[in-house]
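Work through the exercises below with the sequence and the model open. Try each task before reading its solution.

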Amino acid sequence: MAIISSKSSSQPKPSAAPTAESPKSAGAVGQPPDDASSQQQPSASPSPIQPQNASEPPSASTKLLEADAQGDEKERQEERLRPQRLADYIGQKSLKEVLGIAIQAAQGRGEPLDHLLLYGPPGLGKTTMSLILAAEMGVSCKITSAPALERPRDIVGLLVNLQAGDVLFIDEIHRLPRVTEEILYPAMEDFRIDVTIGKGQSARTRSVGLQRFTLVGATTKVGALTSPLRDRFGLIQRLRFYELDELTAIILRTAEILSTKVTQDGAEEIGRRARGTPRIANRLLKRVRDFVQVKKLGEINQAIAAEALELFNVDPVGLDWTDRRMLTMMIENFGGGPVGLDTLAAATGEDAQTIEEVYEPYLLQIGYLQRTPRGRIAAPAAWQHLGYDAPDSQLSLLNS
Ligand SMILES: Nc1ncnc2c1ncn2[C@@H]1O[C@H](COP(=O)(O)OP(=O)(O)O)[C@@H](O)[C@H]1O
Ligand SMILES: [Mg+2]
């Protein structure tokens, strides 16, 4: 199951999302959870009283490269493929419109952007959009991920070092530890944090002002956000799956960056199998490129793309082994459902959360799967796709 890799799942992977600022401490695992005591020693983190703003901020892209130096080659490759400006960001028309207006308005007032929450399945362009916003606003973007913000000092360190207008990007924001979330409330609302100075009886709480910044949160699971956090975002935007023509354009663009030759119909064939997701489109293109190179085939056309992706177990509508296993199991063992999430997880060996956040959204989107209070149902289209005759009882179940 290499095609939809765990990179797009949302399991906690502390090392996968180092902060640009302090990759080591932020990514550390196995340390005892730090409570308020870490705030009692301001020297342990950059001094909250005197933010170190002296040096020129590196651009968003330099920061990314730094963060990537610890990442793997694949991550570096992905960075190369990210569009840099709003105009290069393909698709998501309404999102671009909304953000374009927000950017213009904020710039007109000389203010930072409102806090923004982006939600949607993995690989649709949330991180990319956050970097683009920073670029459009001419500020830098600090990237981190909720699982890396285990201790209060992690978030405090990031916040006090932000410069006016900076974007702070927190990935998987629905996973923020409670202490961290509570530090964020006043930071988002009033641009201040409350730090405790001293120990024991002499401990005092002190309010420390922050620069005005923009928090961009990304999540695959907007329902899992607490409402106090959700309410502090001025803009809440959903990313949708991409249309075939948009995916085709993304593949042609990526092919150009990778100096790979692909025909229009070759790009379309890859796009059809990309589950409406740019990250998958790019990944499939790379697999086909490998295939072409090894087989010494030259340009990627439709037939070659189809042959290569068949080999990699990606079927004509983009389903992979796990999708097909899940649906087949529902049909053969449960008459199409309803089937509980845990049963699906057990049958495929994926965890329930990955199924819910990575696999299901696309199956729901293309109408192969339905969610009901009693469980998941394989829709007639799924029966058909897998070569079964959908029974009448299945149709009546859906209409009930
Ligand atoms: N609108 C887009 N246009 C072109 N490429 C995109 C677009 N959105 C995403 N991508 C590509 O897909 C990859 C994954 O996007 P990313 O922003 O990391 O997704 P997310 O953060 O939502 O999981 C990026 O490396 C980028 O190359
Ligand atoms: Mg991301």
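## Exercise 1: Ile270 and the cores

**Task.** Which residues does Ile270 touch, leaving out those up to four places away in sequence?

**Solution.** Step one: list the partners. Ile270 touches Ile251, Ala281, Leu284, Leu285, Val288, Ile300, Ala305 and Leu309. Contact here means heavy atoms within 4.5 Å.

Note the basis. This is a predicted model: local features need pLDDT of at least 70, side-chain atom pairs count only at pLDDT 80 or more, and totals for chains, interfaces and linings use all residues. Residues are numbered from 1 along each chain as its sequence is written, chains are lettered from A and ligands numbered from 1 in the order in which they are written, and side-chain values use heavy atoms, with hydrogens and water left out.

A nonpolar core is a set of buried Ala, Val, Leu, Ile, Met, Phe, Trp, Tyr and Cys residues joined through side-chain atoms within 4.5 Å. Buried means under 20% relative accessible area, exposed over 50%, and partly exposed in between (1.4 Å probe, protein chains only). The largest core has 52 residues, and Met129, Leu133, Ile270, Val288 and Ile300 touch the most other members. Helix H11 (residues 278–294) gives the most to this core: seven residues. Helices (H or I, at least four residues) and strands (E, at least two) are DSSP runs, numbered from the N terminus.

Step three: look beyond it. Another core, of 29 residues, lies apart from the largest one, and its members include Ile170, Ile183, Leu210 and Phe213. In soluble globular proteins, nonpolar side chains tend to be buried together.

## Exercise 2: H9 against H10

**Task.** At what angle do H9 and H10 pack, and how far apart are their axes?

**Solution.** Two packed helices are described by the angle between their axes and the distance between the axes. Step one: take the geometry. Helix H9 (residues 244–257) packs on H10 at about 120°, and the axes are 8 Å apart. The axes are lines fitted to C-alpha atoms, for helices over the stretch in contact, and angles run from 0 to 180 degrees between N-to-C directions.

Step two: list the contact. H9 supplies Leu244, Leu247, Thr248, Ile251 and Leu252, while H10 supplies Gln264, Ala267, Glu268, Ile270, Gly271 and Arg272.

Step three: sort by class. The contact has six nonpolar, three polar and two charged residues. Ala, Val, Leu, Ile, Met, Phe, Trp, Tyr, Cys and Pro count as nonpolar, Asp, Glu, Lys and Arg as charged, and the others, Gly among them, as polar.

Step four: zoom in on Glu268. Glu268 lies in H10 (residues 264–272). Beyond residues up to four places away in sequence, Glu268 touches Leu244 and Thr248. Glu268 and Leu244 are 24 residues apart in sequence, and 7.1 Å apart from C-alpha to C-alpha. Glu268 counts as partly exposed, because its relative accessibility is 27%.

## Exercise 3: Aromatic pairs

**Task.** How many aromatic pairs are there?

**Solution.** Step one: apply the rule. Rings of Phe, Tyr and Trp (its six-membered ring) pair if their centres lie within 6.5 Å; planes under 30 degrees apart count as stacked, over 60 as edge-to-face and the rest as tilted. The count is three.

Step two: take Phe241 and Tyr362. Their ring centres are 5.5 Å apart and their planes stand at 75°, so the pair is edge-to-face. Phe241 lies in the loop between strand S7 (235–238) and H9, and Tyr362 in helix H15 (residues 352–365), so the pair ties together parts 121 residues apart in sequence. Both Phe241 and Tyr362 are buried.

Step three: take Trp383 and Tyr388. This pair is edge-to-face, with 6.3 Å centre to centre and 85° between the planes. Trp383 is buried, at 6% relative accessible area. Tyr388 is partly exposed, at 25%.

## Exercise 4: Backbone exceptions

**Task.** Where does Arg275 lie, and is Arg275 buried or exposed?

**Solution.** Most residues other than glycine have a negative phi, and most peptide bonds are trans. Step one: Arg275 has a positive phi of about 55° although it is not a glycine. Arg275 sits in the loop between H10 and H11. Arg275 is buried, because its relative accessibility is 2%.

Step two: turn to Lys296. Lys296 has a positive phi of about 50° and is not a glycine either. Lys296 lies in the loop between H11 and helix H12 (302–311). Lys296 is exposed, at 73% relative accessible area.

Step three: check the peptide bonds. A cis bond joins Gly337 and Pro338, with omega about 5°. Pro338 is in the loop between helix H13 (321–334) and helix H14 (341–348).
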